[in-house]
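Work through the exercises below with the sequence and the 3D view side by side. Try each task before reading its solution.

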Amino acid sequence: MRISRRTFAAAAVALLLPLSACGSGGDDGGSTDASGKVEGDISFQTWNLRANFKPYFEGVIADFEKKYPGTHVKWIDQPAEGYADKISADAAGGTLPDVVNVSPDLVAPLARAGLAMDLGKAAAKYRTEYLDGAWKSHQVPGMNGTYAFPWYLNTGPLFYNKSLFEKAGLDPGKPPATYDDLFADALRIARKTGGKVATLANVPTIEDFGRYGVRLMNKEGTGFAFDDAKGAELLGKYKELYDAGALDPQALTATPESSGKKFLTGAVAMNPGSALDLGNFKKQAPELYRNIGITDQITSTGHVNMYVMGVMVNSRTRHTPAAVAFAHFVTDARNQMSFAKKVAIFPSTAGSLDDPYFTEQDGTDETRVRVAAAKSLKSAVNYTPVLFSEQMKTALRNEVAKALQGKESPAAALDNAVKACDRLLKQQG
């Protein structure tokens, strides 16, 4: 499985779990006390990782079983397709594995159904081992607790085409660092090229509103709040870009792949990406590669967006000490660092990003991006609310499209999006 920024974006799938599932397991559920002896047989489920990382996980399991004699870990790997449905079925049927690879949106309904153990209580002693933003990413609005250990992270810098900036009379050594800079530069590039070159290729998503400083949900986690004046301000700015040709006209239906192609051909001046994209530029667009610039994500909050995976413990496990110990073992600093050197992801453990592997340049394309991303991850947050489902993302996208096309005002479009998302939130139970 290619674990990349785009994989994380595509991996956030909706999971509808009946609240009746909280009764699965009945009185036979396990204890929440993780202080006992680490022993017993437990099961561990990953998300489409066996094909590429079988030796790694077999090694981690062997090390754990050696450290804790009397334990045995059964590894289960599920395919990417239908993963959310599989978790939902297992949860409802009482067959959820003891330790499960989840993303924040997948753990939320499990936590609400009482099936995800509160590691803020059961594993409080490990709290300081993880980056603050990563630890908080598996907290659920309206609930007290943290429902998964943070595992691997990802983020991506912004690539920009220095040649296009220079042709527009902009300093290619000074890419936009604020939203005001971004909007001003985008409008200038559009004017200088007669609308032929856009700066951005994607409409704003929920994470963009978060980076802009918009409050996304109320404190209780019972409703969305991105239809405030600041949210309307951001969407209004995108409307200006769209009208001027500074936002690609096909942005309303763009995918990460189509946006990447636009950047590759010089039709778009900026685009998020990864080290894999750099290699692609070098092969397919050497002229672009010679003019590539790398800069941080733009944010008004001082914190870039992160994509995060986690490892949760089934609250019904019969071997709580072993399950908690193994979930921590998989996500501890040593094992996370080892995993990060096998694939383009980043550890969520505190201090790991200070390793020379993430700080020192060696002249390669991959390292250029890795160092830039690692630097920004130290204080990154997961802006996408854990309760924000795929249906909600579609509802927001549809309303954003209406605003850009002039069918609704930015304020009205966001009001309608919030109402639609609130309705869907209530349906989740």
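**Exercise 1. Find the strands that H2 lies across, and its angle to E2.**

Solution. H2 lies across E1, E2 and E4. H2 runs at about 165° to E2. Contact here means heavy atoms within 4.5 Å. Axes are lines fitted to C-alpha atoms, for helices over the stretch in contact, and angles run from 0 to 180 degrees between N-to-C directions. Helices (H or I, at least four residues) and strands (E, at least two) are DSSP runs, numbered from the N terminus.

A note on the source: this is a predicted model, in which local features need pLDDT of at least 70, side-chain atom pairs count only at pLDDT 80 or more, and totals for chains, interfaces and linings use all residues. Residues are numbered from 1 along each chain as its sequence is written, and side-chain values use heavy atoms, with hydrogens and water left out.

**Exercise 2. Give the strand order of the open sheet of 5 strands, and name its edges.**

Solution. Start with the order: E2-E1-E3-E8-E4. The pairing is mixed. Two strands pair if DSSP finds at least two bridges between them. Next, look for strands with a single partner. These are E2 and E4 (149–154), so one side of each has no neighbour in the sheet.

E1 and E2 (residues 71–78) run parallel and are joined by 8 bridges. Phe44 has Trp75 in E2 as its bridge partner. From E1 the chain passes through H2 to E2, in a right-handed β-α-β crossover. Right-handed means that, with the strands pointing away from the viewer, the path from the first strand over the helix to the second runs clockwise. At the other end, 4 bridges pair E4 with E8 in the antiparallel sense. Asn154 has Tyr307 in E8 as its bridge partner.

**Exercise 3. Compare how H2 packs with H14 and with H15.**

Solution. Two packed helices are described by the angle between their axes and the distance between the axes.

- H2 and H14 (residues 320–330) pack at about 130°, with axes 11 Å apart. H2 and H14 are therefore oblique to each other.
- H2 and H15 (residues 333–340) pack at about 165°, with axes 11 Å apart. That makes H2 roughly antiparallel to H15.

Angles under 35 degrees count as roughly parallel, over 145 as roughly antiparallel, 65 to 115 as roughly perpendicular and the rest as oblique.

Next, the handedness. H2 and H14 cross in a right-handed way. The crossing of H2 with H15 is right-handed. A crossing is left-handed if the near helix is turned anticlockwise from the far one by less than a right angle, and right-handed if clockwise.

Last, the residues. Among those of H2 that meet H14 are Val60, Ile61 and Phe64. Their side of H14 includes Ala322, Phe326 and Phe329. Toward H15, H2 uses Phe53, Tyr56, Phe57, Val60 and Asp63.

**Exercise 4. How many residues of H4 are buried, and what do they pack against?**

Solution. Count along H4 (residues 104–112): 8 of its 9 residues are buried. They include Pro104, Leu106 and Val107. The buried residues pack against E1, H3 (83–93), E3 (99–102) and E8 (307–313). Just after H4, Gly114 has a positive phi of about 80°.

**Exercise 5. Describe the open sheet of 3 strands.**

Solution. The order is E6-E5-E7, with antiparallel pairing. E6 (270–272) and E7 (292–295) are the edge strands, each pairing on one side only. The twist averages 30° from one strand to the next. Between E5 (residues 158–161) and E6 there are 3 bridges. Tyr160 stands opposite Met270 in E6. Finally, H11 (residues 256–264) lies across E5, E6 and E7, at about 140° to E6.

Methods: Buried means under 20% relative accessible area, exposed over 50%, partly exposed in between (1.4 Å probe, protein chains only).
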